[in-house]
Amino acid sequence: PMKEETDLELHIDRLLPRAVELATTSVQYREKAAACEFLEASVKLCIGRSARQSGARGSEPKDFSGLYAKLFPAMLTLATDADSFARQLFAPLTFQVIHWLSSNVKGENAETIAMLEAIMGALGDEEHSGRREFAARCLGEFIQWSIKHNRSAKEGALNVSSLLRRLSALAHHPSGMQRLGFAFALNSPY
């Protein structure tokens, strides 16, 4: 054990673009695996810090939505990757993050919105049908857990109303793939 604790200041937002690129496009297994592990650790670090700050009194919680905007689309891509290591790492992690984010207590939480935007983007993916189907499963999970975490029958599930606004935008989108994503979304809770 270390005698003294030290704080390491690491700016992962500068490393994320390269890590995402390596994790999603590298054909070298070691590079891809290391990048995937870095991305997984980054997600867990951000969630852990967010959870710790939300429990602390008197401190202003740090907003990780900027990092999440980069991480969540990559998570959805890697959860449907051809490489089984990436799939086994990110599919369960994606659902765990959805469970965590669906428990927020304020409407239009920036971190939850980052996940919803990533899911909506994946629903309209024009190249990968597997990503669209996984995003639809994520949407079903998000609805289920948002209703589970609903604290007040009077207000309704805050996350679901936010989701419905985004689904309405998908339904009226000029792109056929976005409207197909809407159809997947309608079928996802069933």
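Modeller: A residue is called buried when its relative accessible area is under 20%. The model here is predicted, and the protein chain has 190 residues, of which 44% count as buried.

Colleague: What makes Ser-103 buried or exposed?

Modeller: The relative accessible area of Ser-103 is 18%. The limit for buried is under 20%, so Ser-103 is buried.

Colleague: Where is Ser-103 found?

Modeller: Ser-103 is in the loop that joins α4 (84-101) and α5. A polar atom of the Ser-103 side chain lies 2.6 Å from the backbone oxygen of Trp-100. A polar contact needs N or O atoms within 3.5 Å, and this pair is at 2.6 Å. Ser-103 also lies 9.8 Å from Phe-142, C-alpha to C-alpha, although the two are 39 residues apart in sequence.

Colleague: How do you know whether Ser-42 is buried or exposed?

Modeller: By the same test. Ser-42 has 3% relative accessibility, so it counts as buried. Ser-42 sits in helix α2 (residues 29-55). Setting aside neighbours within four places in sequence, Ser-42 is in contact with Ile-12, Leu-16 and Leu-71.

Colleague: What about Leu-78, buried or exposed?

Modeller: Leu-78 has a relative accessible area of 0%, so it is buried. Leu-78 belongs to helix α3. Beyond neighbours within four places in sequence, its contacts include Cys-36, Leu-39, Ala-86 and Phe-90. Leu-78 and Phe-90 are twelve residues apart in sequence, and their C-alpha atoms are 6.2 Å apart.

Colleague: How do you know that the span of helix α5 agrees with its 14 residues?

Modeller: Helix α5 covers residues 110-123, and at 1.5 Å a residue it should span 20 Å. The expected span uses one less than the number of residues. The end C-alpha atoms of α5 are 20 Å apart, so the two values agree.

Colleague: Why is α5 called mostly covered?

Modeller: Eleven of the 14 residues of α5 are buried. Among them are Glu-111, Ile-113, Leu-116 and Leu-123.

Colleague: What makes Asn-109 a cap of α5?

Modeller: A side-chain oxygen of Asn-109 is 2.8 Å from the backbone nitrogen of Glu-111, at the N-terminal end of α5.

Colleague: How is the packing of two helices described?

Modeller: By the angle between their axes and the distance between the axes. Helix α3 (residues 65-78) and α5 have an angle of about 30°, and their axes are 9 Å apart. Their crossing is right-handed. In the contact, α3 supplies residues including Tyr-68, Phe-72 and Leu-76, and α5 supplies residues including Ala-114, Met-115 and Ile-119. By class, this contact has eleven nonpolar, one polar and one charged residues.

Colleague: At what angle do α5 and helix α6 pack?

Modeller: Helix α5 and helix α6 (residues 129-148) pack at about 145°, with axes 7 Å apart. This crossing is left-handed. Thr-112, Leu-116 and Met-120 are among the α5 residues in the contact, and Arg-131, Leu-139 and Phe-142 are among those of α6. The contact divides into ten nonpolar, one polar and two charged residues.

Colleague: How many helices and strands does the protein chain have?

Modeller: The protein chain has eight helices and zero strands. Of its contacts with a separation of 6 or more, 63% are between residues 24 or more positions apart.

Conventions
Residues numbered from 1 in each chain as written. Predicted model: local features only at pLDDT ≥ 70, side-chain atom pairs only at ≥ 80, totals over all residues. Heavy atoms only, no water. Helix = DSSP H or I, 4+ residues; strand = E, 2+ residues; numbered from the N terminus. Buried < 20%, exposed > 50% of the residue type's maximum accessible area, 1.4 Å probe, protein only. Polar contact = N/O pair within 3.5 Å; in protein donor to acceptor, adjacent residues only side chain to side chain. Axes fitted to C-alpha atoms, helices over the stretch in contact; angles between N-to-C directions. Left-handed = near helix turned anticlockwise from the far one by under 90°. Contact = heavy atoms within 4.5 Å. Nonpolar A, V, L, I, M, F, W, Y, C, P; charged D, E, K, R; others polar.
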